[in-house]
Amino acid sequence: MRSILLFTSLVVSSSVLANSDDAYFARSTVKAFSTDLKNVLVSTMKASGPVAAIEVCNISAPAIALQHSANEWEISRTSLKVRNPNNQANEWLNSILLDFEQRKENGEPIANIEHQEQKAGAWYLVKAIPTGQACLACHGSELKPEVKNKLTELYPSDKATGFNLGDIRGAFVVKKHP
Ligand code: HEC
């Protein structure tokens, strides 16, 4: 019995382990990207308020994403409700995001929700992003008028408001190019 269990676990883990280095690297990239974004956001919010932070986010978010993309690796963000149309999910990502919503409904903690897939030679890690308290000033339901104005100015088709604490805000997408 014990050897059967051991054998089964070896078979299962070897199919997952084929990508374990990639998954490890991709998750640390997500962590580093997310930390850099939050640091810029929080420090600008504190020093100069949310309107200035929106401008910084507008310029810095794509730049920071680029900083964390190198060689065959590329990181981006997407959502079912995007602010920047450049972050719009394609059909494939859209279905993954819908599945994430279902998994959250089923009780899975957002921090655990991720998806890995090999697709057209590339490998992907898609990882859910929780909505925290710090996000609500710009993604919540009650935005300050000056915040709303700045967002409308920069993102006329903004869909990324009305989120509540504990919602899935979107996802990080790490792609390893073939
Ligand atoms: C100061 C305002 C501000 C705060 C606070 C803020 N964001 Fe954003 N967020 C933005 C802006 C502006 C963009 C668009 C960035 C761009 O143009 O790429 C954005 C874009 C995003 C995107 C990319 C998808 C999209 O909608 O285009 C995600 C995901 C996201 N934010 C998550 C968060 C999370 C999670 C938090 C809290 C930890 C947060 N944001 C806090 C302003 C903010």
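In what follows, a residue is called buried when its relative accessible area is under 20%, exposed when that area is over 50%, and partly exposed in between, with a 1.4 Å probe and protein chains only. Good morning, colleagues. The structure above is a predicted model, in which local features need pLDDT of at least 70 and side-chain atom pairs count only at pLDDT 80 or more, while totals for chains, interfaces and linings use all residues. Residues are numbered from 1 along each chain as its sequence is written, and side-chain values use heavy atoms, with hydrogens and water left out.

Let me begin with the overall architecture. The protein has five helices and four strands; helices (H or I, at least four residues) and strands (E, at least two) are DSSP runs numbered from the N terminus. Along the sequence, these elements follow the pattern α-α-β-α-β-β-α-α-β. Of the 178 residues in the protein, 36% are buried. A contact here means heavy atoms within 4.5 Å. Among contacts with a separation of 6 or more, 69% are between residues 24 or more positions apart.

I turn now to a pair of helices. Two packed helices are described by the angle between their axes and the distance between the axes. Axes are lines fitted to C-alpha atoms, for helices over the stretch in contact, and angles run from 0 to 180 degrees between N-to-C directions. How do helix 2 and helix 5 pack, and at what angle? Helix 2, residues 20–67, and helix 5, residues 145–154, pack at about 25°, and their axes are 9 Å apart. Angles under 35 degrees count as roughly parallel, over 145 as roughly antiparallel, 65 to 115 as roughly perpendicular and the rest as oblique. Helix 2 and helix 5 are therefore roughly parallel to each other. On the helix 2 side, the contact is made by P50, V51, I54, E55 and N58, and on the helix 5 side by E146, V147, K150, L151 and L154. For the classes, Ala, Val, Leu, Ile, Met, Phe, Trp, Tyr, Cys and Pro count as nonpolar, Asp, Glu, Lys and Arg as charged, and the others, Gly among them, as polar. On that basis, this contact has six nonpolar, one polar and three charged residues.

Next, the cysteines. A disulfide is assigned to a pair of cysteine sulfur atoms within 2.5 Å, and the structure holds zero of them. C57 is in no disulfide, and the nearest cysteine sulfur, that of C138, is 7.5 Å away. Are these two residues buried or exposed, or in between? C57 is partly exposed, with a relative accessible area of 27%, whereas C138 is buried, at 13%. C57 lies in helix 2 and, not counting residues up to four places away in sequence, touches L41 and P62. From C57 to K38 there are 19 residues in sequence and 9.8 Å in space, C-alpha to C-alpha.

Most residues other than glycine have a negative phi, and most peptide bonds are trans. N71, although not a glycine, has a positive phi of about 50°. N71 is found in the loop between helix 2 and strand 1, residues 73–78, and is exposed, with a relative accessible area of 76%. A120 also has a positive phi of about 50° and is not a glycine.

Finally, the region around helix 4. A134 is placed in the loop between strand 3 and helix 4 and counts as exposed at 57% relative accessibility. A134 and L41 are 93 residues apart in sequence, yet 9.2 Å apart in space, C-alpha to C-alpha. L136 is found in helix 4, residues 136–139. Leaving aside neighbours within four places in sequence, L136 is in contact with T131, L143, F163, N164 and L165. L136 and T161 are 25 residues apart in sequence and 8.4 Å apart in space, C-alpha to C-alpha. Thank you for your attention.
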